[in-house]
Amino acid sequence: MSTRTLRGRFQWTVVVPILALVLLVFTWSNHEHPAILAAIGAALVGSILAAVHHAEVVAHRVGEPFGSLILAVAVTVIEVGLILMLMSGGSDSASTYARDTVFAAVMITFNGIVGLSLLVGASKHHLVSFNASGTGSALATVVALATVSLVLPSFTTSAEGGAYTPFQLGFAAVASLTLYGAFVFTQTVRHRDFFLPVTSDKYGRVTGLLDEDGDDHADPPPVKEAWFSVALLLVALVSVVFLAKMLSPTIEHGVEAAGLPYTVVGVVIALLVLAPESIAAVRNALRNRVQISLNLAYGSAMASIGLTIPTIAVAMIWMEGPLTLGLDPTQMVLLAVSVVVAMLSIAPGRAKTLQGVVHLVLMAAFLVVSVQP
């Protein structure tokens with residue numbers, strides 16, 4: 001596929017980041033008018049979609065499992081930028097934005113993306129197969145990250161209100177980076193084959209790895225196209241972060257006016273950021289490449305914790321106010337049940353539609369208690 005063909009096909013992904021950057025420059029000092037705020041909101045959504053598209057182009061060039069890793073990191077950069085911009089607003093609820101957004105990302109990936117992928121994949125192919133060894137190690141890493149960063153703060157006594165002391169926060173940041181780095185090494189170097197799509201027989205039993213040329217994908221884009229997407233990805237990421245800063249007061253006022261709890265802000269951020277990734281996961285599931293769908297889901301959850309918490313920890317050196325990381329009891333129950341269900345879904349190395357429905361019901365329960373605790 002030529003560069004010209006790709007640019008013609010995805011022309012909006014070239015125009016939107018540039019227009020968003022222009023809008024950012026010309027409205028930075030004056031953006032109170034409703035029409036301007038609406039334009040900023042549209043540019044924000046468009047920039048997020050464009051950023052993930054260009055990350056997908058780069059990912060397609062480098063191949064799996066590096067592709068899933070690039071997508072997860074790109075999404076996490078957007079997420080961190082949105083969190084920091086909202087926290088810098090200094091509202092009373094700013095201390096929980098990081099926790100609420102990271103937890104929402106974990107629940108959306110654990111139950112939303114995984115559930116939807118298993119449901120659509122199994123509905124089309126009867127049974128879907130994946131490598132339980134690779135996916136299980138990803139799940140174990142996410143559980144360890146969530147425990148250190150989100151569960152332990154609720155039980156420590158050196159700081160109050162679900163917060164860590166500076167020393168504890170530093171340990172959580174180092175532990176998160178260590179776990180994430182160890183997994184990336186395993187996924188991309190030591191056991192790369194555990195994270196590649198697999199073939200299976202009619203009973204869903206794994207029979208081997210899927211041939212990279214037999215995945216019904218277009219040929220990888222040329223190097224020039226990949227570098228072009230890298231440049232546009234950077235433009236889109238810059239636009240997302242600073243447009244979010246401009247829009248953050250409006251988001252907070254809207255949630256307050258609707259009478260919703262501030263945890264909804266974190267859910268909205270996570271849903272917005274992970275929407276394109278969800279689409280990519282479902283597309284892979286329809287192609288019977290559920291392993292890639294699971295790589296995307298658990299990789300995003302892992303990056304959301306393993307990269308966000310260290311970044312927030314460093315940012316707290318300059319930012320004022322407390323940082324609440326500990327989950328409340330309802331959130332911990334949902335996390336625990338989601339982990340158990342995920343373990344039972346992954347252990348056999350194959351799944352049917354029932355597993356997808358179970359995960360999606362848990363996702364619905366999470367949304368309900370987020371809107372009405």
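In the predicted model, F110 contacts L139, V142, Y298, A301, S338, V339, A342 and H359, when residues up to four places away in sequence are left out of the count. F110 also belongs to the largest nonpolar core, which comprises 99 residues. Within this core, F110 and Y298 are the members that touch the most other members, and F110 and Y298 also touch each other. The greatest contribution to the core comes from helix α5, which spans residues 97-125 and supplies 13 residues.

One salt bridge is present in the structure. This salt bridge joins the side chains of R99 and D100, with an N to O distance of 3.0 Å. Both partners fall below the 20% limit of relative accessible area that defines a buried residue. D100 is classed as buried because its relative accessibility is 3%. R99 has a relative accessible area of 9% and is therefore buried as well.

Helix α9 covers residues 263-286, 24 residues in total. The distance from its first C-alpha to its last is 33 Å, close to the 34 Å expected at 1.5 Å a residue. Just after the end of α9, N288 adopts a positive phi of about 65 degrees.

Notes: Residues numbered from 1 in each chain as written. Predicted model: local features only at pLDDT ≥ 70, side-chain atom pairs only at ≥ 80, totals over all residues. Heavy atoms only, no water. Core = buried A, V, L, I, M, F, W, Y, C linked by side-chain atoms within 4.5 Å. Buried < 20%, exposed > 50% of the residue type's maximum accessible area, 1.4 Å probe, protein only. Helix = DSSP H or I, 4+ residues; strand = E, 2+ residues; numbered from the N terminus. Contact = heavy atoms within 4.5 Å. Salt bridge = Lys/Arg side-chain N within 4 Å of Asp/Glu carboxyl O. Expected span 1.5 Å × (residues − 1).
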